[in-house]
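Have the model open while you read.

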Amino acid sequence: MDQNCDRLGRRCRTKPISTGKRVKPQSRDLLWFEKLAEHGPLPSSFLLAFAKGTHRSEKRAKERLTDLFNEDGTPDKGAYLSRPMQQFQTIDARYNQLVHDLTPASAAALRKSESTIRPARSGPWKHNLMVSCITASIELACIDRDDINYIPQSKILARADVSLRWPTEICDPNSGASYEKYLLPDAVFGLEYLTPAGKRYRFFALEADRATEPLRSAEIHRKSFLRHLLQYEDYIEDSGYQDHLDLTAPMLVLNVTTSETRVERMLTLTDELFPGSNSYQMFQVWSAFGNDLCPPEPNLSLLGGAWRTTSEEVSLLEEM
């Protein structure tokens, strides 16, 4: 038996093994590369969902993903997809669906097609995967509708000709001292609502919370949810986002965390800081990104499901 294959003759999931097949990027492959460039690493189910209208058989599409990972005989001198090793460092990883990301070869193929390449995110890989799955889920939910269009981060930043970082001024609630702290949302995106009265727009800053940071900290210089609230108070209420991203439409903050308990604590702190209610900080749970990672299927309820605020439940489908 080939040492590089399992007992069923399947190639290893963790490292590429070329058979010598030549692979040239097709339109569906470039679509996958574009979605990885826009969102970040994604499970197979997301890539298959983005390309569901391009293939007769899901089995063939999965086989194509396998070839893009294994075969390095390409015009761009390397395999087109990677499988980040962090996904295999979990219990029962072999039973999980695979997560894919770009390689230098797929980045080169995208540059030839004049597509935008996202800058690499810093920070923990699990956190970055959570961010990617959230924004990709919302885009997929929009694709299924004819009344809402998804506006990606790359288009927003390119239009404003800026990076994602923005200085905010906050006041330490303990000392009363003012500090300038850079705000770096996990992502931004927009929704275009196609209404009988014309097009309407709303934009969102995303914060993915895996409960790895404290809700409060005695040190304002340490990241915490309290500092998050203070920074977004300056960014949203004082219209910093309008100057930053050259926008006139409203912006909301989407907080996705891993448990109902965490949401309750975040809401309590938000209500404490904004006793008259806060309508732009919104909360929803996605438990798949807790301590034991299991790459999830797309979560379309992020668009149509209920988001909690300090005073009510709302949906992203509701136009302002």
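This is a predicted model: local features need pLDDT of at least 70, side-chain atom pairs count only at pLDDT 80 or more; totals for chains, interfaces and linings use all residues.

The chain has 10 helices and 12 strands, and 52% of its 320 residues count as buried. A compact globule with 320 residues would have a radius of gyration near 20 Å, so the 21 Å of this chain agrees with that. Here are the whole-chain numbers side by side:

| Property of the protein chain | Value |
|---|---|
| Radius of gyration | 21 Å |
| Box along the principal axes, C-alpha atoms | roughly 70 × 45 × 30 Å |
| Accessible surface | about 16,100 Å² |
| Share of that surface on carbon and sulfur atoms | 47% |

Now for the inside. Nonpolar side chains tend to be buried together in soluble globular proteins. Here, the largest nonpolar core has 85 residues, and Ile138, Leu191 and Met251 have the most contacts inside it. Helix 5 (residues 125-143) gives the largest share of this core, 11 residues. Take Met251: among the residues it touches are Val188, Phe203, Phe204, Tyr235 and Tyr280.

Which of its residues are buried? They are Arg262, Val263, Met266, Leu267, Leu269 and Thr270. These cover an arc of only 165° around the axis, so they lie on the same side of helix 9. Their cover includes helix 7, strand 9, strand 10 and strand 11. On the other side of helix 9, Arg265 and Thr268 are exposed.

Conventions
Residues are numbered from 1 along each chain as its sequence is written. Side-chain values use heavy atoms; hydrogens and water are left out. Buried means under 20% relative accessible area, exposed over 50%, partly exposed in between (1.4 Å probe, protein chains only). Helices (H or I, at least four residues) and strands (E, at least two) are DSSP runs, numbered from the N terminus. The arc is that of the directions from the helix axis to the C-beta atoms. Contact means heavy atoms within 4.5 Å. A nonpolar core is a set of buried Ala, Val, Leu, Ile, Met, Phe, Trp, Tyr and Cys residues joined through side-chain atoms within 4.5 Å. The radius of gyration is taken over C-alpha atoms; the globule rule is 2.2 Å times the number of residues to the power 0.38. Accessible areas come from the Shrake-Rupley method with a 1.4 Å probe; for residues, only the protein chains shown count as cover. Lists of a residue's contacts leave out its neighbours within four places in sequence.
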